[in-house]
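Let's take a friendly walk through this model together. Have your viewer ready, and we will go from pockets to a helix and then to a loop.

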Amino acid sequence: MSKRPINPSELADPVGFAHGWLVEHGPARTLYLAGQCGYDKAGAIVHKGDVAGQLDTALANIGLILRDAGMAFADVVQLNFYVTSRDDYATARKEFGRVWRKHCGKHYPGMALFEVVSLFDPAARIEVQGIAAQ
């Protein structure tokens, strides 16, 4: 079995974590995705106050991690969404659907949504974390 961090050059340099960990055991490959918020290359939240815009950026960041691991969104088997406001999510559901289809098409892994008191970055409205497998 081998393990290696996945840290795309297009993402902010991780401090104290890796953006993903790829575990390979024979032909089986599992990618553990660290939580991704709507961060730009400098590590700043974009689309402040816009949960759907932040989701778009977070999914784009996940796409980069998947790419560097030789995977795609079709390989994602589980995602957790952490939002600071369930009401913001409910209001933006149609926009969420549009953003989802832009990145993932009609692929729907196992998913859960959690409302949390806050995220590490106070400007973050959503964080997405999950697992991909081949």
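Some ground rules come from the source: the model is predicted, local features need pLDDT of at least 70, side-chain atom pairs count only at pLDDT 80 or more, and totals for chains, interfaces and linings use all residues. Residues are numbered from 1 along each chain as its sequence is written, and side-chain values use heavy atoms, with hydrogens and water left out.

Let's begin with the largest pocket, which has a volume of about 330 Å³. A pocket here is an open set of points on a 1 Å grid over the protein atoms alone, where a 1.4 Å probe fits, with protein on both sides within 12 Å along at least five of seven lines; lining residues have an atom within 4 Å of a point. The volume is the space filled by probe spheres set on the points, which are joined across faces, edges and corners. Of the 17 lining residues, Phe-17, His-19, Gly-35, Tyr-39 and Gly-43 are the closest to the centre of the largest pocket. Strand 3 (residues 28-36) provides the largest share of this lining, three residues; strands (E, at least two residues) and helices (H or I, at least four) are DSSP runs numbered from the N terminus.

The second largest pocket holds about 280 Å³ of space. Its lining includes Leu-55, Phe-81, Trp-100 and Tyr-108. Helix 3 (93-104) and strand 5 (110-115) each supply at least two lining residues, and helix 3 gives the most, with five.

So what does helix 3 look like on its own? It has twelve residues and reaches 16 Å from its first C-alpha to its last, close to the 16 Å expected at 1.5 Å a residue, where the expected span is 1.5 Å times one less than the number of residues. Phe-96, Gly-97, Val-99, Trp-100, His-103 and Cys-104 of helix 3 are buried. They lie on the same side of helix 3 because they cover an arc of only 165° around the axis, taken from the directions from the helix axis to the C-beta atoms. The face turned away from the buried side of helix 3 carries the exposed residues Lys-94 and Lys-102. Buried means under 20% relative accessible area, exposed over 50%, and partly exposed in between (1.4 Å probe, protein chains only). After helix 3 comes Gly-105, with a positive phi near 60°.

Finally, Asp-13 sits in the loop between strand 1 (2-6) and strand 2 (20-25). Asp-13 is exposed, with a relative accessible area of 66%.
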